[in-house]
Amino acid sequence: MVFIAKQLCKLALGPVLLLMSVIAVAAGDESSINMSPGVTEVGRQIYNLHMIILWICVVIGIVVFSVMFYSIIYHRKSRGVTPATFHESTKVEIAWTVVPFVILVVMAVPATTTLLDIYDNDEADLDVIVTGYQWKWKYEYINDEGENVSFFSNLRTPQSEIYNTAKKGKNYLLEVDEPLVLPVDTKVRFLITANDVLHSWWVPQLAVKRDAIPGFINEVTTRTSIEGTYRGQCAELCGKSHGFMPIVVNVVSQEEYTEWLGEKQAEATEIKDLMAQTFSLDDLMERGKAVYDSNCLACHGANGEGGLGNAIAGSPIATGPVGPHLEVSINGVPGTAMQAFGEQLNDVDMAAVVTYQRNGFGNNMGDLVQPIDVYNHKKGQ
Amino acid sequence: MGDHHHGPAKGIGRWLFTTNHKDIGTMYLWFSFAMFLLGGFFAMVIRAELFQPGMQLVEPAFFNQMTTLHGLIMVFGAIMPSFVGLANWLIPMMIGAPDMALPRMNNWSFWILPPAFLLLASTLFMEGGAPAFGWTFYAPLSTTYAPPSVTFFIFSIHVLGLSSIMGSINIIATVMNMRAPGMTYMKMPLFVWTCLITAFLLVAVMPVLAGAVTMMLMDIHFGTSFFSAAGGGDPVLFQHIFWFFGHPEVYIIILPAFGVVSQIIPAFSRKPLFGYDSMVYATSSIAFLSFIVWAHHMYTVGMPIAGELFFMYATMLIAVPTGVKVFNWITTMWRGALSFETPMLFCLGFLVLFTLGGFTGLMLSIAPADFQYHDSYFVVAHFHYVMVAGAVFSMTAAIYFWLPKWCGRMYNEAMGKTHFWISFIGFNLTFFPQHFVGLAGMPRRIPDYALQFADFNMMSSIGAFIYGASQLLFLYNVIATIVAGEPVSDEKVWDGAEGLEWTVPTPAPYHTFEEPPRVGPGVHAHG
């Protein structure tokens, strides 16, 4: 036995054991090393499937590697063995073709049934359009009761945490300004698409990952059985800030959901009222800074100094006539990373952010852009 | 030996104008090693940035350039040319031919590679930066939203595709026409077989890749809309075309590795390969299957269920011939007389780790489970197990195995074994934890990550630095061997090695088999 143990250590097992012990330490928190069954029926099915295949692989691995290591230990030249000369055996070869095939069939059965369940896109109780933008998500509730509700969901983690000047919070990079809110125990259908490049909407706990493709709509349904906050990320490389467009889903009780929806609808009505108003410079600047920080800062810099995008401080657009400035902000610059924000921002926010850009960063143009100007610009197109 | 034989020309001209398969093989190998170090350096930048959460060293945009160039350079610059180099050195010596069938084209196919990669690397210094859309360059990120340097990237892909096609045609022509008398197809060494099949795969799919990048070029500069829904095109079409190339490409990388392992394991087991015929058939089946599984890279694009099922079943089937190969290697070792020199250690490392990569591949083939694995670090772990522990380990084994034959000097065995163990530990430390972070929900290609992934990422980075450093030891060992290694004069070098390449003098003379050898009916030409 001692001999064998020595041999094993000499060979591959030393490092393997080391690795195992590392894993054992990490395994204290199960969720950090394995797939989570999540909070949906489909998620549990996928998790079970994953575990079945994992264990089948482990068993095959043990058998195959045992034979191999037996050979490595006992059939070594240094033990003075004479090599056998056998080769070719049709029986053995048929066996090791047929047996794996049978195992594959065994795997394919649960895989197929799970897939059929996932593709069940029958009528849902709630439809949500999910649109990927560089680099944020837009959610629109399209059922009757949620007619007016549509909003963008931006990363909330401040730049100071990302660039290590502030302590990182618990949900670093996995927090948004406005989470998606869904009622529990409700069949929700996501209609997933994108505005610019490919994205992929992935929330591991919901077991949903579907590509967001510009010009096409993908469907996927989910029914969450446990209330809670579930976090995910964009899973398809979509450019510079691909790592900075998280997803947060709040699953709440039906009552809370209805209440939340009511609030959102009231907010939308409020915006409609605001659109008819005229604002002071201070109001616009204050609102504009908030809009700028969550929409423009990533490319144009915290002080309008530029980055991926052009500088705004002293730029010919921000210090020129209002018309072209609105045009660029509303319709973007085709073929560049400058997106069309006309859809993403309401007229009040658009007016505020343009005003902020024209008066902040030392531009001091002194002119105000009101929501009605934005409205007229859009209408004049 | 013919009486007109001559040695290599003098000076730089020898390398620029050479048509000698050994010289060209050597250049391919050095070139691919240089690219391996460059791609490896990019990987170090990636791992250094991911050492801790938060952005420390590079900006996200540059990080994306690093992941993109790392992938492109490793696949097209390091792994593929290294096997072409090996094929150049070995195919003529293994089939008893004096040289490759098309020597002038051979020179060209090498010499257009360095400019192509120079062009690719130069994009780093262009305005807007290098391509930053991943080595899979999905449209429209790589078309409408790409930096201006994408045009140079497209040209570079065209040129290296051209090089691959020329190299492949050469391999096919050589194997089909230049075998020594008596060297039937079913007597060819397995490495020759895998190169032949790989060459056919390359000729079939490289034009498809060229088509894909040409369509990108048209979309970018000439107003077409192949990949833009706004003009009636489809971004998913790009993925279908790319992966119709991309999946066979995976086997283009791994099949020659299978060939190398099938030469080395019998040599150090001192026992013939268990099932030569079934290995040939398994390789051919894998090559065939590689054409009908491409959409398993696209399970989440929203295919109809019939498509998902077809691609899932077809992909699972690949496990059968791959299993046949693994079982064959192990049965070859069974009741042999094993010894564990460096090439054998790398082959055993290959065998264990490639099998693990095969298992995760099987898991990934299950479409519903892939909805959770797809584009996560689990995938990154999987393909590094098959690409690095598969292709790179076997390539390293090949260098240790044949280098003494080529230069007539023995490498330092202790240093070789050290290289193996450091590589093995470093590799597993890098990539094993990536399975965990992937399953726990970390997407790939992100420059920064949530805090729960921090420990494993740090472990992964440390492993990567160890693995990276161990390659410098390899470089040193190879140079030291060529310059001042212990001379070997034994023709066989390894007592268990079989095949025609071991019948020529050591070191292999500049010209070999100027008169074809005869391969008798009872002679084992393969391992």
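A residue counts as buried if 20 or more other C-beta atoms lie within 10 Å of its own, as exposed if 12 or fewer do, and as partly exposed in between, with C-beta atoms placed from the backbone. Keep in mind that this is a predicted model: local features need pLDDT of at least 70, side-chain atom pairs count only at pLDDT 80 or more, and totals for chains, interfaces and linings use all residues. Residues are numbered from 1 along each chain as its sequence is written, while chains are lettered from A and ligands numbered from 1 in the order in which they are written.

**Exercise 1. Get an overview of chain A.**

Start with burial: of the 381 residues in chain A, 36% are buried. Next, count the elements (DSSP runs numbered from the N terminus, H or I of at least four residues for helices, E of at least two for strands). Chain A has ten helices and ten strands.

**Exercise 2. Work out the five-stranded sheet of chain A.**

Strands pair here if DSSP finds at least two bridges between them. Reading across, the order in chain A is 3-2-1-5-8, in an open sheet with mixed pairing. Now look at the edges: strand 3 (150-153) and strand 8 (218-223) of chain A each have a single partner strand, so one side of each lacks a neighbour in the sheet. Zoom in on one pair: strand 2 (residues 136-141) and strand 3 of chain A run antiparallel and are joined by four bridges.

**Exercise 3. Describe the side of chain B that touches chain A.**

Call two residues in contact if their C-beta atoms, placed from the backbone, lie within 7 Å. On that basis, 81 residues of chain B meet 82 residues of chain A. Helix 11 of chain B gives the largest share of the chain B side, eight residues. By type, the chain B side has 54 nonpolar residues (Ala, Val, Leu, Ile, Met, Phe, Trp, Tyr, Cys and Pro), 19 polar (the others, Gly among them) and eight charged (Asp, Glu, Lys and Arg).

**Exercise 4. Check helix 12 of chain B.**

Expect 1.5 Å times one less than the number of residues. For the 24 residues of helix 12 of chain B that should give 34 Å, and the end C-alpha atoms are 34 Å apart, which agrees. As for burial, helix 12 of chain B is mostly covered, with 24 of its 24 residues buried.
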